[in-house]
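The questions below take up how the terms used for this structure follow from their definitions. Each answer sets a value beside its cut-off and then concludes.

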Amino acid sequence: MTSQIVLFLLGIAAIAGLYFALRTKAAPITEANIENTQADDLVTAILPEGERRVVPESIHNIPRHALDDNAMRVVYRLLDNGYDGYLVGGCVRDLLVGKNPKDFDVATSATPEQAEPLFKRARLIGRRFKIVHVRFGREIIEVTTFRAGHDSVSTSKDQSRQAASGMLLRDNVYGTIEEDAKRRDFSINALYYNVEDNSVYDFANGYPDLLEKRIRIIGDAEERYREDPVRMLRAARFAAKLSFDIDPDTAQPIHKLGGLISKVAPARMFDEVLKLLQTGYGEACLRQLLRFDLFKYLLPATDRMLGSDEYPVEQLVNNALRNTDRRLAQDKSVNPAFLFAAMLWYPLVDRMRDLEGHKDLPPLQRLHEAANQILGEQVRATAIPRRFSTTIREIWEMQHRLMRRDRADQLMEHPRFRAGYDLLVLREESGEDLNGISGWWTEYQNSQPNARPQIPAEERRKRSRRRRPNRKPKEQS
């Protein structure tokens, strides 16, 4: 009897626990969150720049379960050691608009040298902009120190250095959270999540801008773009990702100053290209880049061929980006090499045609020579790591080999067959006339070995065996 009572009480406790767990669980993140936000004077009033606006949890409605556990550990470790610590930037912005952040960043009053020893797996990186990376398995939490303006105090060259064009070469001047907000690029990225009371701090009217779906740079737009030309690309990316409008004063100088992007280090530009075109909003980003005439600084050879009457360049670029966006939406992996191979394909074809008239080379050697020239030009705009450039060449070479079907079984075992086949399909879908060869390869892969389509007779190779010349036995001495 006692055991039955115990079981009965345990059952009631389990049901009650489940009820309260479900009751207190925050609603899933949806893009409607921002539309339902209470819009009163607290959140819509435009305050003097640098004045703190505190948006309580009851208004911003960021669900606590959406906060990254590792980022919270970093913040609490900083707080426990007497430093300020906040979630900051893109993660706060994305949570407010109902998106799941790709990563979480932390801002702190601790200098990089003070923050690094607080964590077991921390690494101090960067010279132009010192930050601390704290690793949790495969996840990295980026910790930055509050920045200040370069005219706020006397600084050394190690702290602050600026080129004649206005570009910042060193940006390691530290200050307060209010100063840090002014140093951030756009108002919607100058939002700080306070873990102690779960409120959001806003020092640059970023919260009203979020409600208005507006991208607005902090400070004078021309000066801020000169400090860091990549901000022009970021404006285009945020407009595409969030479906926000760019404030007229923020947009106006971009056409004039776009050329400054060519002065950014190619290695950094490679990372920016990936953020623009390979994070799930590639098609929308391309439209923004073309709107501001910025695409030519990322892929100059491709930009020159947009609108070609001879090649379906724009169709292939859009199809490649659409394919990438779709794969990312399905949580599938993507390889930067494939996107570059697709976007640079027609510049390669055009260069091969030029070489045909100047050099007497077999087709495959002509492809290799054209690839050297196209990639050589591309790396001056955006550096491409060798592991990707090698793959790009292999995908291009597969386009040549896939035009022959006499060794189909061997080609299907090639490590780049799938990428080469996917590009072949995209080429035909974009309007290039290949006599339906991608459809043949599709049928060949999907058919049983005994029911595969026949190889056209004109493509069958008669392989003649080489006969070794008869060798006379060596005379014995």
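**Burial, packing and cores**

Thr250 is found in helix H11 (residues 248-251), where helices are DSSP runs of H or I with at least four residues, strands are runs of E with at least two, and both are numbered from the N terminus. This is a predicted model, in which local features need pLDDT of at least 70 and side-chain atom pairs count only at pLDDT 80 or more, while totals for chains, interfaces and linings use all residues. Residues are numbered from 1 along each chain as its sequence is written, and side-chain values use heavy atoms, with hydrogens and water left out.

Q: Why is Thr250 called buried?
A: Buried means under 20% relative accessible area, exposed over 50% and partly exposed in between, with a 1.4 Å probe and protein chains only; Thr250 has a relative accessible area of 1% and is therefore buried. Thr250 touches Phe186, Ile215, Arg216, Ile217, Ala221 and Tyr225, not counting residues up to four places away in sequence, where contact means heavy atoms within 4.5 Å.

Q: Why does Arg234 count as partly exposed?
A: Arg234, which lies in helix H10, has 22% relative accessibility and so counts as partly exposed. Its contacts, again leaving out residues up to four places away in sequence, are Asp185, Phe186, Asn189 and Glu272. Arg234 and Lys275 are 41 residues apart in sequence, and their C-alpha atoms are 9.0 Å apart in space.

Q: What makes H10 roughly parallel to H13?
A: Axes are lines fitted to C-alpha atoms, for helices over the stretch in contact, and angles run from 0 to 180 degrees between N-to-C directions. The axes of H10 (residues 230-242) and H13 come within 10 Å and cross at roughly 10°, which makes the two helices roughly parallel; angles under 35 degrees count as roughly parallel, over 145 as roughly antiparallel, 65 to 115 as roughly perpendicular and the rest as oblique. In this contact, Val230, Leu233, Arg234 and Arg237 of H10 meet Arg268, Met269, Glu272, Lys275 and Leu276 of H13.

Q: Why are H14 and H16 called oblique to each other?
A: H14 and H16 pack at an angle of about 140°, with their axes 8 Å apart, and are therefore oblique to each other. Gly282, Glu283 and Leu286 in H14 meet residues of H16, including Val317, Asn318 and Leu321.

Q: How do you know that the span of H16 agrees with its 17 residues?
A: The expected span of a helix is 1.5 Å times one less than its number of residues; the 17 residues of H16 (residues 313-329) should therefore span 24 Å, and the end C-alpha atoms are 24 Å apart, which agrees. Just after H16, Asp331 takes a positive phi of about 60°.

Q: What makes a set of residues a nonpolar core, and which members of the largest one touch the most others?
A: A nonpolar core is a set of buried Ala, Val, Leu, Ile, Met, Phe, Trp, Tyr and Cys residues joined through side-chain atoms within 4.5 Å. Of the 103 residues in the largest one, Leu78, Leu87, Leu277, Leu289 and Trp396 touch the most other members. The largest share of this core, 9 residues, comes from H10. Apart from it lies another core, of 13 residues, among them Leu402, Leu411, Tyr421 and Ile437.
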